[in-house]
Amino acid sequence: MNIKLENDDLKVEIKSKGAELCSIIKKDNGLQYMWSGNPSVWGKTSPILFPIVGTLKDDTYVYNNKSYTLSRHGFARDAEFKIVKQERDEVIFLLKDSPDSLKNYPFHFELFVYYTLDKDVLTVNYEVKNKGTTDMYFSLGAHPAFKVPLTDGTVYEDYFLEFDSKENASRRPINKDGLIEHTPVPFLSNAKRIDLAHNLFERDALVFKEIHSNKISLKTNLHTHGLDFYFEGFPFLGLWAAKGGDFVCIEPWCGIADSVGHDQLLINKEGIQMLPVNESWKRGWQVRLY
């Protein structure tokens, strides 16, 4: 089922499965800003990564001396969310633990996802609540795929990503098993801009830990349309596109794939979030379309 939101500036659609954003159209220019989700290339559009981000070593983690299995990015992206509130310009989704989830993730939780429109801005907020009797460990990330090129008459290579300040950052390479390699590779040197090209993602996502900017923009010099993406509070940033995919994913993460030398203990996982009993954890991102 698709949920439709609308205000004077935007029309948005979200699937109840995965609470997955699948369409953003700006009314004044008629442009679609989201990837189509073509399954022959990559069938997702904006999966929610929970309760892990990326790949576990051998798809396995250990908690309290017991081994559990989770596939890449966790189970939320394929789960059916409940709608707990819906208005013209806002919807709130909820995912709770279930007997099935507890087999692979032994924590009682509530995951709320809030989508809100305000003029030309879409805000997406996440709230995790620990409903169990022990500390809860999790990661959460966003994975929206924005359409590139945005307009007819332009091509992928006409576009670029631009941070709001100059960055000095290395990428963290991903090996063939989806794990983070030990040695970072220099990538940004006092630079704000990344020119888009399909071969940029030949070795999987560009993963950064040292980004200081809270905003990244998708732009071209050939027209005035694009977007500003705000991601304050997320320590990791991934940029990615599938081979041949006419999109770029901007992925703020609180968590990251296992490293090649990880001991597989959940409590030692890089970027893991620890949430005490009855506490809540919140993060969010915004995108402004133009």
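Which residues is Thr-45 in contact with, leaving aside its neighbours within four places in sequence? In this predicted model, the list runs to Glu-20, Leu-21, Cys-22, Met-34, Trp-35, Ser-36, Gly-37, His-143, Pro-144 and Ala-145. Thr-45 itself sits in the loop that links strand E3 (20–26) to strand E4 (60–63).

Ser-217 is the next residue to look at. It belongs to strand E16 (residues 215–220), and its relative accessibility of 2% makes Ser-217 buried. Here the polar partner is a side chain: Ser-217 and Asp-228 are joined by a side-chain polar contact of 2.6 Å. Asp-228 also turns up among the residues that Ser-217 touches beyond four places in sequence, together with Phe-160, Leu-161, Glu-162, Leu-227 and Tyr-290.

Then there is the nonpolar side of things. The largest nonpolar core takes in 93 residues, and the ones with the most contacts inside it are Ile-24, Phe-50, Leu-111, Val-113, Tyr-115, Leu-196 and Leu-239. Strand E19 (residues 247–254) supplies the largest share of this core, with 6 residues. Phe-50 shows what such a residue touches: setting aside residues up to four places away in sequence, its contacts are His-73, Gly-74, Phe-75, Ala-76, Phe-109, Leu-111, Val-128, Met-136, Phe-138, Ser-139 and Leu-140.

Conventions: Residues are numbered from 1 along each chain as its sequence is written. This is a predicted model: local features need pLDDT of at least 70, side-chain atom pairs count only at pLDDT 80 or more; totals for chains, interfaces and linings use all residues. Side-chain values use heavy atoms; hydrogens and water are left out. Helices (H or I, at least four residues) and strands (E, at least two) are DSSP runs, numbered from the N terminus. Buried means under 20% relative accessible area, exposed over 50%, partly exposed in between (1.4 Å probe, protein chains only). A polar contact is a pair of N or O atoms within 3.5 Å; within protein, one must be able to donate a hydrogen and the other to accept it, and residues adjacent in sequence count only if both atoms are side-chain atoms. Contact means heavy atoms within 4.5 Å. A nonpolar core is a set of buried Ala, Val, Leu, Ile, Met, Phe, Trp, Tyr and Cys residues joined through side-chain atoms within 4.5 Å.
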